[in-house]
2 protein chains.
Amino acid sequence: MAGQPLSTVDRVLELVDLFNRDMQLSFERDGLTQARAHLLWALRGGPLTQRALADALAVTPRNVTGLVDGLVAAGHVVREPHPSDRRAVLVTPTPAGAALLDTMVAGYGELEEVLLGAFSARQVRDLHRALGVMNERLRRRIEEEWG
Amino acid sequence: MAGQPLSTVDRVLELVDLFNRDMQLSFERDGLTQARAHLLWALRGGPLTQRALADALAVTPRNVTGLVDGLVAAGHVVREPHPSDRRAVLVTPTPAGAALLDTMVAGYGELEEVLLGAFSARQVRDLHRALGVMNERLRRRIEEEWG
DNA sequence: TATTGTTATACTCTATAACTATA
DNA sequence: TATAGTTATAGAGTATAACAATA
């Protein structure tokens with residue numbers, strides 16, 4: 001293992017690991033677990049019902065109940081009645097939660113800077129395209145192999 | 001959000017998501033959870049003590065005990081006495097576990113094929129280098145920001 | 001009837017702390 | 001004393017199944 005040159009996929013895997021580590025550390029600093037941060041992130045476009053959150057997070061409704069409970073207890077979100085469907089609740093960030101979302105968005109921009117800082121515009125464009133192609137292939141492979 | 005062009009970091013994040021999804025599906029097909037697959041993967045270079053596994057997986061020794069228990073019950077690994085240290089155990093793949101490792105290695109090669117298939121040698125080289133630079137920066141950022 | 005969210009229950013992964021057997 | 005691994009205990013995330021309220 002040691003001393004062997006890394007394959008390109010190794011480097012992608014390494015990037016995945018580093019990403020996860022960095023993000024988890026960020027979330028912990030903000031008092032969020034990864035799962036709760038993920039849910040909060042899903043609200044950056046506006047309030048969602050728990051059902052919509054379950055779909056967005058690819059997780060069961062029961063699971064969303066627990067995550068929202070935690071975020072409510074921490075003061076990051078509130079449950080509000082849905083205006084037209086009395087079965088549903090809308091999960092909405094509190095001001096504190098919205099501020100946290102802002103810092104997440106900012107950290108996101110900073111990450112872009114860190115990762116792409118010293119590349120030329122052309123290199124960034126090529127990388128952007130290559131990543132798009134890889135994503136598309138991986139998506140197709142998942143579709144074909146796992147339905 | 002919808003319709004907006006994806007930034008390069010968005011594409012990296014998307015790749016991370018797809019990777020995790022694909023791998024988790026593979027592991028489930030092989031009867032492995034993600035954590036157990038990770039441990040088994042760490043054994044691809046040969047047997048390790050549980051202490052070494054705890055370090056490799058960045059996890060507590062107690063946790064390794066549980067994961068090894070599960071893999072032993074499933075017949076993927078065995079605990080063997082360490083030849084020179086009677087406190088330690090060596091975790092070794094069974095033939096079944098080794099076969100599983102082989103399929104993991106093969107799937108890895110296939111992934112390389114899927115992801116890089118239609119790129120030119122030069123494009124792959126550029127991508128390889130870019131990923132190396134990004135990894136290095138992310139590693140440094142983590143080091144600086146989180147110690 | 002179908003859907004939204006909850007209660008009940010269980011399993012996996014993770015952590016800390018106390019302990020045993022060895023080094 | 002220090003290290004390898006286990007037992008004890010606890011908490012978070014996840015799932016399925018049964019249920020109530022509403023559509």
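Where is the place of Ala58(A) in chain A? Select Ala58(A) in this predicted model: the residue sits in the loop that runs between α3 (50-57) and α4 (61-73) of chain A.

**Stop 1**

With Ala58(A) selected, inspect the backbone: phi is positive, about 55°, although the residue is not a glycine. Most residues other than glycine have a negative phi. Ala58(A) counts as exposed because its relative accessibility is 69%, the cut-off for that class being over 50%.

Next select Ala58(B), in the loop between α3 (50-57) and α4 (61-73) of chain B. There, too, phi is positive at about 55° in a residue that is not a glycine. Ala58(B) has a relative accessibility of 70% and therefore counts as exposed.

**Stop 1: the relation between the chains**

**Stop 2: helix α1 of chain B**

Select Leu15(B), which also belongs to helix α1 of chain B. Leu15(B) has a relative accessible area of 4% and is therefore buried, since buried means under 20%. Beyond its neighbours within four places in sequence, the contacts of Leu15(B) are Val12(A), Leu131(A), Met134(A), Asn135(A) and Leu138(A). For a distance within chain B, pick the C-alpha atoms of Leu15(B) and Glu110(B): they are 16 Å apart in space, and the residues are 95 apart in sequence.

Continue along helix α1 of chain B to Asp22(B). Is Asp22(B) buried or exposed? Asp22(B) is buried, with a relative accessible area of 3%. Setting aside neighbours within four places in sequence, Asp22(B) is in contact with Leu138(A), Arg141(A), Ile142(A) and Trp146(A) of chain A, and with Leu111(B) of chain B.

**Stop 3: the largest nonpolar core**

In soluble globular proteins, nonpolar side chains tend to be buried together. The largest nonpolar core here has 36 residues. Select Phe19(A), Leu115(A), Leu138(A), Phe19(B), Leu115(B), Met134(B) and Leu138(B), the members that touch the most other members. The elements that give two or more residues to this core are α1 (8-29), α5 (95-116) and α6 of chain A, together with α1, α5 (95-116) and α6 of chain B.

Centre the view on Leu115(A). Not counting residues up to four places away in sequence, Leu115(A) touches Phe19(A) in chain A and Val9(B), Met134(B), Arg137(B) and Leu138(B) in chain B.

**Stop 4: the second largest pocket**

Rolling a probe the size of a water molecule over the atoms shows where empty space is left. The second largest pocket holds about 480 Å³ of space. Among its 16 lining residues, select Gln123(A), Asp126(A), Leu127(A), Asp126(B) and Leu127(B), which are the closest to its centre. Two elements give two or more residues to this lining: α6 (121-146) of chain A and α6 (121-146) of chain B. The largest share comes from α6(B), with seven residues. Coloured by class, the lining shows seven nonpolar, three polar and six charged residues.

**Stop 6**

Select Gly97(A) in helix α5 of chain A. Its relative accessible area is 0%, so Gly97(A) is buried. Residues up to four places away in sequence aside, Gly97(A) touches Leu40(A), Gly75(A) and His76(A).

Finish at Leu32(B), in the loop between α1 (8-29) and α2 (34-42) of chain B. Leu32(B) counts as buried because its relative accessibility is 3%. Apart from neighbours within four places in sequence, Leu32(B) is in contact with Phe27(B), Ala37(B), Leu40(B), Leu71(B), His76(B) and Leu100(B). Gly46(B), 14 residues from Leu32(B) in sequence, lies 19 Å away in space, C-alpha to C-alpha.

Conventions: Residues numbered from 1 in each chain as written. Chains lettered and ligands numbered in written order. Predicted model: local features only at pLDDT ≥ 70, side-chain atom pairs only at ≥ 80, totals over all residues. Heavy atoms only, no water. Helix = DSSP H or I, 4+ residues; strand = E, 2+ residues; numbered from the N terminus. Buried < 20%, exposed > 50% of the residue type's maximum accessible area, 1.4 Å probe, protein only. Contact = heavy atoms within 4.5 Å. 1 Å grid on protein atoms, 1.4 Å probe; cavity = no way out; pocket = protein on both sides within 12 Å on 5 of 7 lines; lining within 4 Å. Points joined across faces, edges and corners; volume = space filled by probe spheres on them. Nonpolar A, V, L, I, M, F, W, Y, C, P; charged D, E, K, R; others polar. Core = buried A, V, L, I, M, F, W, Y, C linked by side-chain atoms within 4.5 Å.
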